Every structure is written in structure tokens, then in C-alpha cells.
Amino acid sequence: SSTDAGSSSTSGGMSASGTSSGTAPGTTTTTADTSTGSPGFCGDGVVDPATEECEDGNDDPADGCYACLHARKVFVTSMQFKPDLGGLAGADSRCKQLANKAGLARWETFVAWLSDSKQDARDRVFVGKGPLVRVDGVVVVDHGTDLLQGHLNVPINVDEYGFEVSGDVWTGTRVDGKAMDGSNHCADWTTKDYLGNSGFYGISVLMDGGWTYHDQPQTNPTPCDPPLRLYCIEGVMI
């Protein structure tokens, strides 16, 4: 069941007066009627704010909702980038630009899965209750928090256009979403100078913790001169 990915994360979807609160056409977000005392269920066409975020009566995760929870997109970038990104903000900007160019809904909410010396990826990226879904509609994790456990259903190896790509990905991040120790994160993602600078990476074809940190101490962290990809994750429902 689902609302469009561009709908609000506030459960219910209708204001107290009964007017629409920005819900996309064709979706069902009627607030559950608790006056009867009857428990709601996923697929009944009525959003129960206690347990549901959305309803549309189908099981298509690609339409923005799955099992009555918001489904958000994740992709690995089609482009590779040197790590002189302009910091975390510069990395986020690249995710937004690529999502926009590919015509993804809510492109302005995409954020890079990237940590630096001051901020952990888990504090920057909203993992949410619902699933993360590749652009091709395949569910990566059933619940956003599963991303932090290192057990993916499928690899994040599909780009913003839905094409499969492979390769290393700048992350600077452990599987629990915290920054890796032992590098300067390429001067907090501001330099491509390999002398005295390094950054950690993951591999996009892996489904264990290696998706965000490839455990090869001989080569990871790597000097800051190669171009690698970024992971981009859709943000909160606004």
C-alpha cells in the first residue's frame, strides 16, 4: 500500500478539516476511524497512524509505499568522482543533481551516504521505518534500519537511471553508520591529493557489510586520487 514518494511523512494525509494535505492524486491516506474500536489492517484503504504511513492497496514498492510504510529510493551514482567534493555538502549536491537529471521524484531530498571527521552518515541520512528500494523497483532492505546491520537483500549496484553498475564507492563509513577511524576522509572530502590523505570505500556489488566498508586493510583506506562512486539515499517525506 502506498502514497506517492512526494507525499508528507505525517501519518493520516488529511487535515482536521478533512482537506487534503498534499497527497498525490490517486493515493489513499484517509485517517483511521478509531471511534468504532475496530483494528485497521494494511490494505484496508485507511491509514492507521499508529502502525502505518501510507495506503494504496497494492504491493508495488516502486510507487513509494510498501507494506504500508514509505518506500524510498537509493542508488549508486552513474558517475565517478575524485574525493575533492567540496565536503559533505558538495557530495549531497551531486546526489541531488543526478537524481534531478534522471527525473527522480523528490530529487532535492537525496543525501550521500558519507561520513567525515565531524559527522556520521547515520546522523545525516534518514533510514526510516520503511524499505529502501533501488530505482529499478527492487527492495534493498525491508526496513531502513536493516541497512545498519550489513544484510542487504540485493546489492546497491543500480544507478539513478536503473542501470547496473559496479565498482568502489566513497563512504568513510562503517556498517553501523558511524565514521571509520584511520583516515582523514580525504581532508573531509575536500582534496584529491594522495600525499598524506586517504579515504575508506565500499563495493557496490556486495550485500554484507562490504557494501559500505570493504575489509581489506592493505588497500582500504585508499589514497585520495582515484575517482569512485557515491551512494545516494532519498530523504524524509516532506
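## A tour around Arg72

Start by selecting Arg72, which sits in strand E5 (residues 72-76); strands are DSSP runs of E with at least two residues, numbered from the N terminus. You are looking at a predicted model, where local features need pLDDT of at least 70, side-chain atom pairs count only at pLDDT 80 or more, and totals for chains, interfaces and linings use all residues. Residues are numbered from 1 along each chain as its sequence is written, and side-chain values use heavy atoms, with hydrogens and water left out.

Next, show the side chain of Arg72 together with Phe126: the Arg72 side chain reaches the backbone oxygen of Phe126 at 2.9 Å.

Five of its five residues are buried, so E5 is largely enclosed by the rest of the structure. In a regular strand, side chains alternate between the two faces of the sheet. Here Arg72, Val74 and Val76 lie on one side, with Lys73 and Phe75 on the other.

Which strands pair with E5? Pairing takes at least two DSSP bridges between two strands.

- Select E7 (residues 132-134): three bridges join it to E5, and the two run parallel. Lys73 has Val133 as its bridge partner there.
- Select E13 (residues 231-233): three bridges join it to E5, running antiparallel. Look for Tyr231 opposite Val76.

Finally, zoom out to the protein chain, with its three helices and 13 strands (helices are DSSP runs of H or I with at least four residues). Of its 238 residues, 49% count as buried.

Notes:
A polar contact is a pair of N or O atoms within 3.5 Å; within protein, one must be able to donate a hydrogen and the other to accept it, and residues adjacent in sequence count only if both atoms are side-chain atoms. Buried means under 20% relative accessible area, exposed over 50%, partly exposed in between (1.4 Å probe, protein chains only).
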